[in-house]
Amino acid sequence: MKKLEEIKTICNLGCGTMGFGTAILFAKSGYEVNMFGRKDASIERAMKNIHLTLSVMKDSGLVTEDEIKNLLGRIHGVTTLKAAAAGADFVIESVAEEVPIKQAVYKEMEDYLGSDVIFATDSSGLSPTEVATVLKYPERFVVAHFWNPPHLIPLVEVVPGEKTSQETVDITWKLMEKIGKKPVALLKEAPGFIGNRLQFALLREALYCVQEGIGTAEAVDAVCKYSIGRRLSVTGPIETADLGGLDIFYNISAYLNADLADDKTGSPVMKECVDKGNLGAKTGTGLYNWTPEDLAKIKRTREEILIEWLKKDASGKKF
């Protein structure tokens, strides 16, 4: 595989919700980025999002005007996979989250790039082993799962497939660290990786509390935001158990676990909403009613807090 210091140009496949964000990250760190979109309109939309994002980052002191100018000069929008592969030393992909689509893209990319170029997918849960079955060189395939928004959330989960080489994992991990992320390398793949397994375990219990009439959606969210949400940013669940005492946590789990949600299907609370077409913020109604003003406010607040955390991370300080 190409060594970390040999990676100069990034093939950035996809320019939607995640793709334009990863393009920013790599370009900000000095890499040339070939950003692929299917149509000129896709590239134009991505560049608009990039400009808007950089404007917010500048206002927050995360980038300067000169850095923005140089960064933008390193992002090159292209509409063919062949053009995206030109001179590329590393591939990061965030096309549609469907195995056949990703496989078709990678099969074509193998025609343009040598076996020493790592193929990394930004999948949030698809099996890297399954995606890589169509590749001649599956040892160079790995997951690099950025969290949304990728320019503000530090985590990247690096997930190997059954045939992924340790060298591929190590180089990808080092590259993620170099662009300022907090990479975590999984020992093996699992559905949902680690992040989504934890996220959906919490969501399952949260919705179960609503379903069982224990509390309203507002009450459940308030409990998370003003207790464990504050603490989890400093100590993870396992650290928290160690700090609190494993004897205490074990005794609580011994009687509480039997009463927790353990359904193996989707939440009935969510299914009822979905069946009615109430899909959340994107339809205006879900478990909450969302006005445009409410949606803009919570997104702005989330962005401000995530930016503040980035500043704390950069300074080495913590709340």
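**Notes on the predicted model**

1. Gly 286 is buried, at a relative accessible area of 15%; the cut-off for that label is under 20%. Keep in mind that this is a predicted model. Gly 286 belongs to the loop between helix H12 (268-275) and helix H13 (292-315). Leaving aside residues up to four places away in sequence, Gly 286 touches Cys 273, Asn 278 and Gly 280. If you want a distance to check on screen, take Gly 286 and Ala 222: they sit 64 residues apart in sequence, and their C-alpha atoms are 17 Å apart in space.

2. On to the nonpolar core. Which residues touch the most other members of the largest one? They are Phe 26, Met 35, Phe 90, Phe 146 and Met 176, out of 44 residues in that core. Helix H1 (residues 19-28) is the top contributor to this core, with 6 residues. A separate second core has 22 residues, among them Cys 11, Ala 85, Val 95 and Ala 132. As background, nonpolar side chains in soluble globular proteins tend to be buried together.

3. With residues up to four places away in sequence left out, the contacts of Phe 146 include Met 18, Thr 22, Leu 25 and Phe 26. Also among the residues that Phe 146 touches are Ile 92, Asp 122, Leu 155, Val 156, Met 176, Ile 179 and Lys 181.

4. Next, helix H7 (residues 166-178). Does its end-to-end distance agree or disagree with what 1.5 Å a residue would give? It agrees: the 13 residues should span 18 Å, and the end C-alpha atoms of H7 are 18 Å apart. The buried residues in H7 are Thr 168, Val 169, Ile 171, Thr 172, Leu 175 and Met 176. An α-helix has 3.6 residues a turn, so residues three or four places apart point the same way. The buried residues of H7 pack against H1 and against strands S4 (90-93), S5 (118-121), S6, S7 and S8 (182-185). Just past the end of H7, Gly 180 has a positive phi of about 95°.

5. Glu 167 pairs with Lys 3, with 3.0 Å between the closest N and O atoms. Glu 167 is in helix H7 while Lys 3 is in the segment before strand S1 (9-13), so this pair ties together parts that lie 164 residues apart in sequence. Both partners are partly exposed: Glu 167 at 31% relative accessibility, and Lys 3 at 40%.

6. What network do salt bridges with shared partners make? Glu 93, Glu 97 and Lys 102 are joined into one. Lys 102 forms a salt bridge with Glu 93, the closest N and O atoms being 2.4 Å apart, and another with Glu 97, at 3.5 Å from N to O. Glu 93 is buried at 0% relative accessibility, and Lys 102 is buried as well, at 1%. Glu 97, on the other hand, counts as partly exposed at 37%.

7. Is His 151 buried or exposed? His 151 is buried, at 11% relative accessible area. The contacts of His 151 are Leu 25, Thr 53, Met 57, Lys 181 and Leu 310, again not counting residues up to four places away in sequence.

8. One more backbone point: Phe 193 has a positive phi, near 55°, in a residue other than glycine. Most residues other than glycine have a negative phi, and most peptide bonds are trans. Phe 193 sits in the loop between S8 and helix H8 (195-211) and is buried, with 1% relative accessible area. I'd look at that loop on screen.

9. Finally, the surface. Ile 248, Phe 249, Ile 252, Tyr 255, Leu 256 and Leu 260 make a nonpolar surface patch of about 530 Å². Phe 249, one of these, is in helix H11 (residues 246-256) and counts as partly exposed, at 35% relative accessibility.

Notes
Residues are numbered from 1 along each chain as its sequence is written. This is a predicted model: local features need pLDDT of at least 70, side-chain atom pairs count only at pLDDT 80 or more; totals for chains, interfaces and linings use all residues. Side-chain values use heavy atoms; hydrogens and water are left out. A nonpolar core is a set of buried Ala, Val, Leu, Ile, Met, Phe, Trp, Tyr and Cys residues joined through side-chain atoms within 4.5 Å. Buried means under 20% relative accessible area, exposed over 50%, partly exposed in between (1.4 Å probe, protein chains only). Helices (H or I, at least four residues) and strands (E, at least two) are DSSP runs, numbered from the N terminus. Contact means heavy atoms within 4.5 Å. Patches are made of residues with over 30% relative accessible area and no salt bridge: like charges are joined within 9 Å, nonpolar side chains (Val, Leu, Ile, Met, Phe, Trp, Tyr) within 5 Å. Accessible areas come from the Shrake-Rupley method with a 1.4 Å probe; for residues, only the protein chains shown count as cover. A salt bridge is a side-chain nitrogen of Lys or Arg within 4 Å of a carboxyl oxygen of Asp or Glu. The expected span of a helix is 1.5 Å times one less than its number of residues.
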